[in-house]
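Here is a short report on a structure with its sequence. Read it with the picture open, and find each part as it comes up.

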Amino acid sequence: MRQTAAHAPVRLRVDPLACEGIGLCAQLAGDSVELDRWGYPVIEAQLAAGEVGAARRAVRACPRRALWIEEVDNRR
Amino acid sequence: MNDDTLLMPVVAGRSPASFAGRAPGLLLADTRLRRSGPADPVGTFLTEDLAEHGARFGPRPRGTTDLLDVVDQAGLTGHGGAHVPAALKWRSVLRGQGPLTVIANGAESEPVAGKDGTLLRQRPHLVLDGLEILAESLGAHRAVLWLHGDDEGARRSVERALAERYGVGHEHAARGFQEAMRRAQTVRIEIVSGPSHYLSGEASAIVRALAGGPALPTVRRRSTDPLAARSLVHNVETLARLAIVARGIMAPATRLLTVLATSVHEGRAVVEVPLTTTFASLLEGLGESPPQAVLLGGYGGRWALWQTVADLPVDEAALRRAGTGLGAGVVAPLATGACGVRQTAAVLAYLSSMSARQCGPCVFGLPALAAGMEDLAAGTGGRAVVGTLLADAAVIEGRGACHHPDGATGLVSSAVEVFRVDVEAHLAGRACQHSRRVVLPGLAQ
């Protein structure tokens, strides 16, 4: 996985096709992920510095490999 | 040559004088279609062959990367609905080096939309010019014209045009053209017909299908591999405009619109009007009475009260400044006497049925929106139904792989606002003042 510089704003992303609403992400990264009433993750727009570690744990824990972290792209 | 004669509106009720003196545009003439389905004209079928096209526009210029600046300066935006600047897509593609597929998207999915199908029937060579220019400019390895499987009329028109260009049965007429193509090492255009599903016109679905997958939307994780396969999808009207600006001609300051008749006994009109045309003059020109409301952008669009948009121009930039938009140019007025809540419930049921059933927010969210609006229309929902509808719409927004659920959420929030009086009447359990009939086409009653 590509390393992102510590200062660059990053966000947690979900591939909604892969996601099956298992919900581990909301348990591991509750500050940045909530579940909707059907059990699918609603993710905040950008991760605060203190939330990145928990988000990385959520990425690793997802049984469907549906999560990833990427730099916030302001080009489009 | 006087082009005005070609632009005589053929739509009844619209006087030729109303838009007289305008510059040559994209369409040969305004046309009339049935209420929904492929854009086969009711009445005269007009099409421009290669010789007429050449006489009108002159030879097609060769596409180079220098065109990026021209596209940028012309302010060319995507006419498939999103109005993303074309230059943005070009730059994104130019950052990679992998094999590139360029795609002309002629699959109009909105049941009422018919302007792309009309353009492909009337001016196939202008669209093909645009696709070839795009392929040359960006160095594409593959150029595809993508259609809905049920749009046989568009397919016939483009097949005939390609036969002319590639010299099949037209060896003499196309000889110069073929030589120019060979010199420019232009890739040959393939026509690919996808399924006729609502979502098979969605850009990521097309790319997925052309790579051998199903024609369903997908999410692409940003690739770090510079040699990853690239693709660029432009709407066919966008490419027709590219073919004009690439010749150094100003793109016509017009907009192609599909306007649904309020009467269920009449069809659609596909018209080309100046950007300054207001909705009031558009409907007046088509012989329509002022409606109560209008659905802008089609079934994935938004309702607007007639008095709030009547004096606005059809120019997308102006509409966006006013907080609305016309997407792919679909205008569906709702006559006084029809129930907006009932129409919205029927449209939501349709959108829900057209989900690709891939993403949780769409799989569960769209049926919830459709059921809530149906409860409201039937007067069986209780007072909480509106709050639940708006809360669900807000939570679903932006969370699908594609924007299909966002069309439904915009429809819900705009309907609750625009049809406030009807909503109150339904909530109070009073019989709806309006007819319960579904007047929008292609929907279950």
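## A strand with two faces

Start with strand β1 (residues 10-14) of chain A, in a model that is predicted. Its side chains alternate. Val10(A), Leu12(A) and Val14(A) point to one face and are buried.

β1(A) is joined to strand β4 (residues 67-71) of chain A by 5 bridges, and the two run antiparallel. Leu12(A) has Ile69(A) as its bridge partner in β4(A). Two strands pair if DSSP finds at least two bridges between them.

## How to read the model

Residues are numbered from 1 along each chain as its sequence is written, while chains are lettered from A and ligands numbered from 1 in the order in which they are written. Because this is a predicted model, local features need pLDDT of at least 70 and side-chain atom pairs count only at pLDDT 80 or more, while totals for chains, interfaces and linings use all residues.

## The two chains

Chain A has 2 helices and 4 strands. From the N terminus on, its elements run β-α-β-β-α-β. Helices (H or I, at least four residues) and strands (E, at least two) are DSSP runs, numbered from the N terminus. Of the 76 residues of chain A, 25% count as buried. Chain B has 17 helices and 10 strands. Buried residues make up 50% of its 445 residues.

Where do the chains meet? 13 residues of chain A are in contact with 16 residues of chain B. The chain A side of this meeting divides into 7 nonpolar, 1 polar and 5 charged residues. Two residues are in contact if their C-beta atoms, placed from the backbone, lie within 7 Å. Ala, Val, Leu, Ile, Met, Phe, Trp, Tyr, Cys and Pro count as nonpolar, Asp, Glu, Lys and Arg as charged, and the others, Gly among them, as polar.

## The sheet in chain B

Chain B holds an open sheet of 4 strands in the order β4-β3-β2-β5, with parallel pairing. β4 (189-194) and β5 (230-235) of chain B stand at the edges, each with a single partner strand, so one side of each has no neighbour in the sheet. The twist averages 25° from one strand to the next.

Strand β3 (residues 142-148) of chain B pairs with β4(B) in the parallel sense, over 6 bridges. His148(B) has Gly194(B) as its bridge partner in β4(B). Helix α6 (residues 152-166) of chain B packs on the sheet and touches β3 and β4 of chain B. The direction of α6(B) makes about 170° with that of β4(B). Angles run from 0 to 180 degrees between N-to-C directions, and axes are lines fitted to C-alpha atoms, for helices over the stretch in contact.

## Helices side by side

Helix α13 (residues 340-353) and helix α16 (residues 404-418) of chain B pack at an angle of about 170°, with their axes 10 Å apart. They are therefore roughly antiparallel to each other. Angles under 35 degrees count as roughly parallel, over 145 as roughly antiparallel, 65 to 115 as roughly perpendicular and the rest as oblique. The contact of α13(B) with α16(B) divides into 8 nonpolar, 3 polar and no charged residues.

Helix α14 (residues 360-378) of chain B also meets α16(B): their axes come within 10 Å and cross at roughly 25°. α14(B) and α16(B) are therefore roughly parallel. By class, their contact has 8 nonpolar, 2 polar and no charged residues.

## A covered helix

Helix α4 (residues 115-122) of chain B is mostly covered, with 8 of its 8 residues buried. Leu119(B) is in this helix. Why does Leu119(B) count as buried? Because 29 other C-beta atoms lie within 10 Å of Leu119(B). Among the residues that Leu119(B) touches are Leu26(B), Val127(B) and Leu256(B), not counting residues up to four places away in sequence.

Technical notes: A residue is buried if 20 or more other C-beta atoms lie within 10 Å of its own, exposed if 12 or fewer, and partly exposed in between; C-beta atoms are placed from the backbone.
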